[in-house]
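Please look over the chain below before reading the notes. The briefing then takes up its architecture, its sheet, its charged pairs and its aromatic rings.

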Amino acid sequence: MFRRLIGGLILSLLLLVAELQARPNFTRLPQPTPQGVVGAVMVQTDSVVYVAGGWVPSTGKYSAQILRWDGREWKEAGLLRQPKAYGQAFAVSGGFVYAGGATAQGTSRGVDMYQFYENEL
């Protein structure tokens with residue numbers, strides 16, 4: 001009985017260690033813009049995180065801004081072809097593709113690729 005108790009404790013400790021090792025490590029980044037945006041896309045490519053577009057509630061307008069995270073702060077990286085929000089983005093080598101979304105004129109069917117060279121659009 002004592003061996004079963006010790007065996008059960010050892011198994012419980014092993015399971016706890018495995019669970020702790022499997023938990024992801026999250027880092028909360030600061031808000032990209034002071035006024036806040038909704039419906040922006042976020043994509044990571046080549047270890048760089050980009051946030052693009054979005055709806056700015058405080059102004060009632062769509063944004064065309066592209067920001068990149070440099071490890072310490074958000075930096076301007078360029079502009080979308082047109083202000084938009086609620087699209088889809090996926091990573092490609094050196095940049096990302098932005099598809100669809102909503103614009104001031106309505107639904108966008110556009111698909112645009114944004115490539116960066118030395119952090120410049």
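The points below begin with the chain as a whole and then turn to particular strands and side chains. The model is predicted, and the protein chain in it has 1 helix and 11 strands. Of its 121 residues, 32% count as buried.

**Overall architecture**

- Read along the sequence, the elements of the protein chain follow the pattern α-β-β-β-β-β-β-β-β-β-β-β.
- Among the contacts in the protein chain with a separation of 6 or more, 32% are accounted for by residues 24 or more positions apart.
- The protein chain exposes about 8600 Å², and carbon and sulfur atoms supply 57% of that area.

**The open sheet**

- An open sheet is formed by 3 strands, which come in the order S7-S8-S11 with antiparallel pairing; S7 and S11 are its edge strands, each of them pairing on one side only.
- From one strand of this sheet to the next, the twist averages 20°.
- Strand S8, which covers residues 95-99, pairs with S11 in the antiparallel sense over 5 bridges, and within this pairing Val97 has Met113 of S11 as its bridge partner.
- In general terms, strands of a sheet pair through backbone hydrogen bonds, in either a parallel or an antiparallel manner.

**Salt bridges**

- A search of the whole structure finds 4 salt bridges, and the background to such pairs is that side chains of opposite charge can pair when their charged atoms come close.
- The side chain of Asp112 meets that of Arg81 in a salt bridge, with an N to O distance of 3.1 Å.
- This pair links distant parts of the chain, since Asp112 lies in strand S11 (residues 111-115) and Arg81 lies in the loop between strand S6 (74-79) and strand S7 (88-92), 31 residues apart.
- The two partners fall into separate accessibility classes: Asp112 is buried, because its relative accessible area of 13% is under 20%, whereas Arg81 is exposed, because its value of 54% is over 50%.
- Lys75 takes part in a salt bridge with Glu73 at 3.3 Å, N to O, and in a salt bridge with Asp70 at 3.8 Å, N to O.

**Aromatic pairs**

- A search of the whole structure finds 6 aromatic pairs, one of which is formed by the rings of Tyr50 and Phe116.
- The ring centres of Tyr50 and Phe116 are 4.5 Å apart and their planes lie at 15°, an angle under 30 degrees, so the pair is stacked.
- Which residues do ring pairs link into a cluster? The cluster consists of Tyr50, Phe96, Tyr114 and Phe116.

How values were computed
Residues are numbered from 1 along each chain as its sequence is written. This is a predicted model: local features need pLDDT of at least 70, side-chain atom pairs count only at pLDDT 80 or more; totals for chains, interfaces and linings use all residues. Side-chain values use heavy atoms; hydrogens and water are left out. Helices (H or I, at least four residues) and strands (E, at least two) are DSSP runs, numbered from the N terminus. Buried means under 20% relative accessible area, exposed over 50%, partly exposed in between (1.4 Å probe, protein chains only). Rings of Phe, Tyr and Trp (its six-membered ring) pair if their centres lie within 6.5 Å; planes under 30 degrees apart count as stacked, over 60 as edge-to-face and the rest as tilted. Two strands pair if DSSP finds at least two bridges between them. Axes are lines fitted to C-alpha atoms, for helices over the stretch in contact, and angles run from 0 to 180 degrees between N-to-C directions. Contact means heavy atoms within 4.5 Å. Accessible areas come from the Shrake-Rupley method with a 1.4 Å probe; for residues, only the protein chains shown count as cover.
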